[in-house]
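Please view the sequence and the structure together before reading on.

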Amino acid sequence: MNISEIAKLAGVSPAAVSRYLNHGSLSKEKQEAVRKVIEETGYRPLVQAQILRTRKTKTIGVILPKIDSFSISNIVSGIDAVLERKGFQILLADTHNSPEMELRYLDLFDDQRVDGVILIGTVFTPKHLECLKKSRVPVVIAGQQLPGFPCVYHDDYHAFCNMTKLVLSKGCRKLGHVAALPQDKAVGQERTRAYQDVLREAGLDQQAGHIAVAEFNMASGEETARKLWESCGPLDALICATDTMAAGALQYFRKQGVRIPEQLLLTGQGASNITAVASPTITTIRYFYEESGANAASLLLERLEDPTLPAKEVKLGYAIVENESTNMTF
(Lines give C-alpha, C1' and ligand atoms only; values in the text may rest on other atoms or scores of the structure.)
Protein backbone atom coordinates (compact mmCIF):
# COMPACT_ATOMS: atom_id res chain seq x y z
CA MET A 1 0.00 0.00 0.00
CA ASN A 2 1.07 3.57 -0.64
CA ILE A 3 -0.42 7.00 -0.01
CA SER A 4 -2.16 7.13 -3.40
CA GLU A 5 -3.90 3.80 -2.79
CA ILE A 6 -4.95 4.85 0.71
CA ALA A 7 -6.31 8.11 -0.73
CA LYS A 8 -8.33 6.28 -3.39
CA LEU A 9 -9.90 3.92 -0.84
CA ALA A 10 -10.71 6.81 1.52
CA GLY A 11 -12.08 9.03 -1.26
CA VAL A 12 -9.65 11.87 -0.52
CA SER A 13 -6.57 13.34 -2.15
CA PRO A 14 -3.03 12.02 -1.54
CA ALA A 15 -2.25 15.42 0.02
CA ALA A 16 -5.01 14.84 2.59
CA VAL A 17 -3.51 11.48 3.54
CA SER A 18 -0.09 13.12 3.89
CA ARG A 19 -1.53 15.80 6.16
CA TYR A 20 -3.21 13.11 8.27
CA LEU A 21 0.02 11.16 8.67
CA ASN A 22 1.96 14.30 9.57
CA HIS A 23 -0.69 15.60 12.02
CA GLY A 24 -1.59 18.50 9.76
CA SER A 25 -4.89 20.36 9.49
CA LEU A 26 -7.70 18.21 8.11
CA SER A 27 -11.49 18.11 8.46
CA LYS A 28 -12.94 15.58 10.88
CA GLU A 29 -14.75 13.80 8.06
CA LYS A 30 -11.54 13.27 6.08
CA GLN A 31 -9.62 12.33 9.23
CA GLU A 32 -12.16 9.62 9.99
CA ALA A 33 -12.17 8.34 6.40
CA VAL A 34 -8.37 8.04 6.30
CA ARG A 35 -8.18 6.57 9.80
CA LYS A 36 -10.72 3.88 8.90
CA VAL A 37 -8.85 2.79 5.76
CA ILE A 38 -5.49 2.73 7.57
CA GLU A 39 -7.02 0.64 10.36
CA GLU A 40 -8.64 -1.80 7.94
CA THR A 41 -5.57 -2.23 5.73
CA GLY A 42 -2.94 -2.16 8.50
CA TYR A 43 -1.02 0.45 6.51
CA ARG A 44 2.21 1.72 8.09
CA PRO A 45 4.31 4.43 6.42
CA LEU A 46 7.95 3.52 5.76
CA VAL A 47 9.88 5.63 8.25
CA GLN A 48 13.11 5.79 6.25
CA ALA A 49 11.23 7.00 3.18
CA GLN A 50 9.56 9.73 5.24
CA ILE A 51 12.93 10.88 6.59
CA LEU A 52 14.43 11.04 3.09
CA ARG A 53 11.44 12.94 1.74
CA THR A 54 10.87 15.42 4.57
CA ARG A 55 14.36 15.53 6.13
CA LYS A 56 12.56 15.08 9.46
CA THR A 57 12.93 12.16 11.85
CA LYS A 58 9.94 13.03 14.09
CA THR A 59 12.28 12.16 16.96
CA ILE A 60 13.54 14.41 19.77
CA GLY A 61 16.68 13.62 21.74
CA VAL A 62 16.40 14.10 25.50
CA ILE A 63 19.71 14.23 27.37
CA LEU A 64 19.26 13.63 31.09
CA PRO A 65 21.63 13.24 34.05
CA LYS A 66 19.99 10.34 35.89
CA ILE A 67 16.97 8.34 34.80
CA ASP A 68 16.17 6.94 38.27
CA SER A 69 15.41 10.38 39.71
CA PHE A 70 12.01 11.62 40.86
CA SER A 71 12.49 15.05 39.34
CA ILE A 72 13.98 13.82 36.06
CA SER A 73 11.30 11.19 35.49
CA ASN A 74 8.61 13.82 35.99
CA ILE A 75 10.31 16.24 33.60
CA VAL A 76 10.49 13.48 30.97
CA SER A 77 6.82 12.69 31.54
CA GLY A 78 5.94 16.32 30.80
CA ILE A 79 8.11 16.31 27.68
CA ASP A 80 6.60 13.09 26.34
CA ALA A 81 3.01 14.21 26.97
CA VAL A 82 3.45 17.25 24.70
CA LEU A 83 5.56 15.65 21.99
CA GLU A 84 3.42 12.51 21.71
CA ARG A 85 0.38 14.62 20.83
CA LYS A 86 2.35 16.11 17.95
CA GLY A 87 3.47 12.75 16.60
CA PHE A 88 7.03 12.88 17.94
CA GLN A 89 8.97 10.16 19.69
CA ILE A 90 11.69 10.76 22.25
CA LEU A 91 15.12 9.17 22.40
CA LEU A 92 16.52 9.17 25.95
CA ALA A 93 20.24 9.52 26.65
CA ASP A 94 21.25 8.94 30.29
CA THR A 95 24.63 10.56 31.07
CA HIS A 96 24.93 9.19 34.63
CA ASN A 97 25.84 12.69 35.83
CA SER A 98 28.83 12.82 33.49
CA PRO A 99 29.44 16.21 31.77
CA GLU A 100 31.69 14.41 29.27
CA MET A 101 28.82 12.12 28.24
CA GLU A 102 26.55 15.15 27.87
CA LEU A 103 29.00 16.53 25.31
CA ARG A 104 29.14 13.20 23.49
CA TYR A 105 25.37 12.99 23.19
CA LEU A 106 25.09 16.62 22.09
CA ASP A 107 27.59 15.84 19.34
CA LEU A 108 25.82 12.60 18.41
CA PHE A 109 22.38 14.22 18.20
CA ASP A 110 23.83 17.17 16.27
CA ASP A 111 24.56 14.74 13.44
CA GLN A 112 20.90 15.36 12.49
CA ARG A 113 19.75 12.00 13.85
CA VAL A 114 17.01 13.89 15.67
CA ASP A 115 14.99 17.01 14.85
CA GLY A 116 15.87 18.75 18.09
CA VAL A 117 17.28 18.25 21.58
CA ILE A 118 16.06 18.92 25.12
CA LEU A 119 19.00 19.04 27.51
CA ILE A 120 18.13 18.57 31.18
CA GLY A 121 21.20 20.49 32.22
CA THR A 122 23.55 20.10 35.16
CA VAL A 123 26.79 21.98 34.50
CA PHE A 124 27.87 24.24 31.66
CA THR A 125 31.56 24.21 30.87
CA PRO A 126 33.15 26.27 28.05
CA LYS A 127 32.95 23.11 25.92
CA HIS A 128 29.21 22.90 26.59
CA LEU A 129 28.70 26.49 25.48
CA GLU A 130 30.76 25.92 22.34
CA CYS A 131 28.80 22.77 21.51
CA LEU A 132 25.44 24.49 22.06
CA LYS A 133 26.37 27.50 19.93
CA LYS A 134 27.42 25.42 16.94
CA SER A 135 24.54 22.93 17.12
CA ARG A 136 22.77 22.43 13.80
CA VAL A 137 19.56 21.29 15.49
CA PRO A 138 17.60 23.44 17.95
CA VAL A 139 18.36 22.82 21.63
CA VAL A 140 16.18 23.76 24.61
CA ILE A 141 17.52 23.55 28.17
CA ALA A 142 15.38 22.33 31.07
CA GLY A 143 16.21 22.76 34.76
CA GLN A 144 18.85 25.47 34.35
CA GLN A 145 18.92 29.10 33.28
CA LEU A 146 21.41 29.81 30.51
CA PRO A 147 21.23 33.33 29.05
CA GLY A 148 21.13 33.41 25.27
CA PHE A 149 19.51 29.98 24.97
CA PRO A 150 15.85 28.91 25.22
CA CYS A 151 15.39 27.43 28.68
CA VAL A 152 12.90 26.50 31.38
CA TYR A 153 14.08 26.71 34.97
CA HIS A 154 12.88 26.92 38.58
CA ASP A 155 13.22 29.78 41.04
CA ASP A 156 15.75 27.87 43.15
CA TYR A 157 17.16 30.98 44.80
CA HIS A 158 13.95 32.37 46.28
CA ALA A 159 12.68 28.89 47.13
CA PHE A 160 15.76 28.22 49.23
CA CYS A 161 15.61 31.72 50.74
CA ASN A 162 12.10 31.02 51.97
CA MET A 163 13.05 27.60 53.31
CA THR A 164 15.95 29.09 55.28
CA LYS A 165 13.69 31.85 56.61
CA LEU A 166 11.13 29.23 57.66
CA VAL A 167 13.74 27.47 59.78
CA LEU A 168 14.89 30.77 61.32
CA SER A 169 11.28 31.63 62.15
CA LYS A 170 11.20 28.46 64.29
CA GLY A 171 13.94 29.90 66.48
CA CYS A 172 16.87 27.96 65.02
CA ARG A 173 20.27 29.71 65.21
CA LYS A 174 22.76 26.87 64.68
CA LEU A 175 22.27 25.81 61.09
CA GLY A 176 24.07 23.63 58.58
CA HIS A 177 23.65 23.09 54.85
CA VAL A 178 24.17 19.89 52.86
CA ALA A 179 24.96 21.35 49.46
CA ALA A 180 25.28 20.10 45.90
CA LEU A 181 28.34 20.58 43.72
CA PRO A 182 28.88 24.29 42.98
CA GLN A 183 29.32 23.47 39.28
CA ASP A 184 25.56 22.79 39.22
CA LYS A 185 24.22 26.32 38.93
CA ALA A 186 20.64 25.67 40.08
CA VAL A 187 20.96 23.00 42.77
CA GLY A 188 24.49 23.89 43.81
CA GLN A 189 25.18 27.59 43.31
CA GLU A 190 21.72 29.13 43.66
CA ARG A 191 20.52 27.15 46.67
CA THR A 192 23.79 27.64 48.54
CA ARG A 193 23.85 31.34 47.70
CA ALA A 194 20.31 31.71 49.06
CA TYR A 195 21.21 29.92 52.30
CA GLN A 196 24.24 32.17 52.82
CA ASP A 197 22.47 35.41 51.92
CA VAL A 198 19.60 34.82 54.36
CA LEU A 199 21.92 33.93 57.24
CA ARG A 200 24.18 36.90 56.64
CA GLU A 201 21.17 39.21 56.55
CA ALA A 202 20.15 37.68 59.90
CA GLY A 203 23.60 38.40 61.33
CA LEU A 204 24.56 34.72 61.42
CA ASP A 205 27.70 34.94 59.32
CA GLN A 206 29.38 32.00 61.02
CA GLN A 207 26.41 29.74 60.31
CA ALA A 208 26.59 30.75 56.64
CA GLY A 209 29.87 28.88 56.47
CA HIS A 210 28.49 25.62 57.83
CA ILE A 211 28.37 23.94 54.42
CA ALA A 212 29.46 20.52 53.15
CA VAL A 213 28.98 19.19 49.61
CA ALA A 214 27.27 15.86 48.98
CA GLU A 215 26.57 13.74 45.92
CA PHE A 216 23.02 13.04 44.75
CA ASN A 217 22.39 9.92 46.81
CA MET A 218 21.35 8.89 50.32
CA ALA A 219 24.71 7.42 51.31
CA SER A 220 26.46 10.69 50.57
CA GLY A 221 23.73 12.63 52.37
CA GLU A 222 24.28 10.47 55.46
CA GLU A 223 28.07 10.87 55.35
CA THR A 224 27.88 14.62 54.78
CA ALA A 225 25.46 15.07 57.68
CA ARG A 226 27.98 13.24 59.87
CA LYS A 227 30.78 15.58 58.80
CA LEU A 228 28.70 18.69 59.53
CA TRP A 229 27.51 17.36 62.90
CA GLU A 230 31.05 16.49 63.99
CA SER A 231 32.67 19.71 62.73
CA CYS A 232 29.94 22.29 63.39
CA GLY A 233 27.46 20.60 65.74
CA PRO A 234 25.42 20.16 67.62
CA LEU A 235 23.09 21.91 65.17
CA ASP A 236 19.42 22.75 65.58
CA ALA A 237 18.63 22.72 61.84
CA LEU A 238 19.98 21.06 58.72
CA ILE A 239 18.89 22.34 55.32
CA CYS A 240 19.58 19.93 52.45
CA ALA A 241 19.83 20.69 48.74
CA THR A 242 17.70 17.66 47.79
CA ASP A 243 15.22 15.26 49.35
CA THR A 244 17.57 12.31 48.81
CA MET A 245 20.32 14.05 50.78
CA ALA A 246 17.80 14.85 53.53
CA ALA A 247 16.73 11.20 53.70
CA GLY A 248 20.36 10.16 54.07
CA ALA A 249 20.83 12.75 56.82
CA LEU A 250 17.75 11.40 58.58
CA GLN A 251 19.36 7.95 58.65
CA TYR A 252 22.47 9.36 60.29
CA PHE A 253 20.57 11.23 63.00
CA ARG A 254 18.40 8.23 63.75
CA LYS A 255 21.54 6.14 64.35
CA GLN A 256 22.91 8.87 66.62
CA GLY A 257 19.71 9.09 68.62
CA VAL A 258 19.09 12.69 67.57
CA ARG A 259 15.33 13.27 67.62
CA ILE A 260 13.69 15.11 64.72
CA PRO A 261 12.10 17.61 65.10
CA GLU A 262 12.52 17.77 68.90
CA GLN A 263 16.30 18.34 68.72
CA LEU A 264 16.89 19.19 65.07
CA LEU A 265 14.80 20.53 62.19
CA LEU A 266 15.44 18.91 58.81
CA THR A 267 14.44 20.02 55.30
CA GLY A 268 14.85 18.81 51.74
CA GLN A 269 13.97 20.09 48.26
CA GLY A 270 11.91 18.55 45.46
CA ALA A 271 8.78 17.03 47.09
CA SER A 272 9.77 13.53 46.03
CA ASN A 273 7.89 10.47 47.27
CA ILE A 274 10.58 9.78 49.87
CA THR A 275 9.57 12.85 51.89
CA ALA A 276 6.06 11.47 52.46
CA VAL A 277 7.11 7.96 53.51
CA ALA A 278 10.00 8.98 55.77
CA SER A 279 9.44 9.00 59.52
CA PRO A 280 9.10 11.79 60.39
CA THR A 281 7.89 13.15 57.06
CA ILE A 282 10.33 15.69 55.64
CA THR A 283 9.56 19.34 54.98
CA THR A 284 10.40 20.11 51.36
CA ILE A 285 9.75 22.39 48.39
CA ARG A 286 7.61 21.37 45.46
CA TYR A 287 8.87 22.37 42.04
CA PHE A 288 6.63 21.86 39.03
CA TYR A 289 8.70 19.31 37.15
CA GLU A 290 6.07 18.03 34.71
CA GLU A 291 5.22 21.61 33.76
CA SER A 292 8.93 22.21 33.24
CA GLY A 293 9.13 19.34 30.76
CA ALA A 294 5.93 20.39 29.00
CA ASN A 295 7.17 23.97 28.65
CA ALA A 296 10.53 22.79 27.31
CA ALA A 297 8.81 20.61 24.71
CA SER A 298 6.56 23.50 23.65
CA LEU A 299 9.56 25.82 23.30
CA LEU A 300 11.30 23.26 21.11
CA LEU A 301 8.23 22.79 18.90
CA GLU A 302 8.07 26.57 18.44
CA ARG A 303 11.70 26.63 17.32
CA LEU A 304 11.14 23.75 14.94
CA GLU A 305 8.37 25.81 13.33
CA ASP A 306 10.46 29.00 13.27
CA PRO A 307 14.21 28.68 13.97
CA THR A 308 14.58 32.48 13.88
CA LEU A 309 12.60 33.00 17.09
CA PRO A 310 14.55 34.76 19.88
CA ALA A 311 15.64 32.64 22.82
CA LYS A 312 12.84 32.56 25.39
CA GLU A 313 13.34 31.97 29.12
CA VAL A 314 10.55 30.52 31.27
CA LYS A 315 10.88 30.68 35.08
CA LEU A 316 8.54 28.49 37.12
CA GLY A 317 7.44 28.95 40.72
CA TYR A 318 7.45 26.69 43.77
CA ALA A 319 5.51 25.82 46.93
CA ILE A 320 6.77 25.03 50.43
CA VAL A 321 5.40 21.75 51.78
CA GLU A 322 5.81 21.78 55.56
CA ASN A 323 5.81 18.32 57.11
CA GLU A 324 6.67 16.79 60.48
CA SER A 325 10.45 17.40 60.35
CA THR A 326 9.98 21.13 61.07
CA ASN A 327 6.95 20.87 63.31
CA MET A 328 8.71 22.40 66.33
CA THR A 329 9.61 25.85 67.64
CA PHE A 330 12.75 26.39 69.73
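How much space lies in the largest cavity? The model is predicted, and its largest cavity holds about 60 Å³ of space.

**Cavity**

- The structure contains 1 cavity of 30 Å³ or more.
- Residues lining the largest cavity are Leu106, Asp107, Asp110, Val117, Cys131, Leu132, Lys134, Ser135, Val137 and Val139.
- At least two residues of this lining come from helix H6 (99–110), and at least two from helix H7 (126–134).
- Sorted by class, the lining of the largest cavity comprises 6 nonpolar, 1 polar and 3 charged residues.

**Sheet**

- An open sheet is built from 4 strands with parallel pairing, in the order E7-E6-E8-E9.
- Strand E7 (211–213) and strand E9 (265–267) are the edge strands, each pairing on one side only.
- From one strand to the next, the twist averages 15 degrees.
- The parallel pairing of strand E8 (residues 237–240) with E9 runs over 3 bridges.
- Leu238 has Leu266 in E9 as its bridge partner.

**Helix across the sheet**

How values were computed. Residues numbered from 1 in each chain as written. Predicted model: local features only at pLDDT ≥ 70, side-chain atom pairs only at ≥ 80, totals over all residues. Heavy atoms only, no water. Pairing = 2+ DSSP bridges. Axes fitted to C-alpha atoms, helices over the stretch in contact; angles between N-to-C directions. 1 Å grid on protein atoms, 1.4 Å probe; cavity = no way out; pocket = protein on both sides within 12 Å on 5 of 7 lines; lining within 4 Å. Points joined across faces, edges and corners; volume = space filled by probe spheres on them. Nonpolar A, V, L, I, M, F, W, Y, C, P; charged D, E, K, R; others polar.
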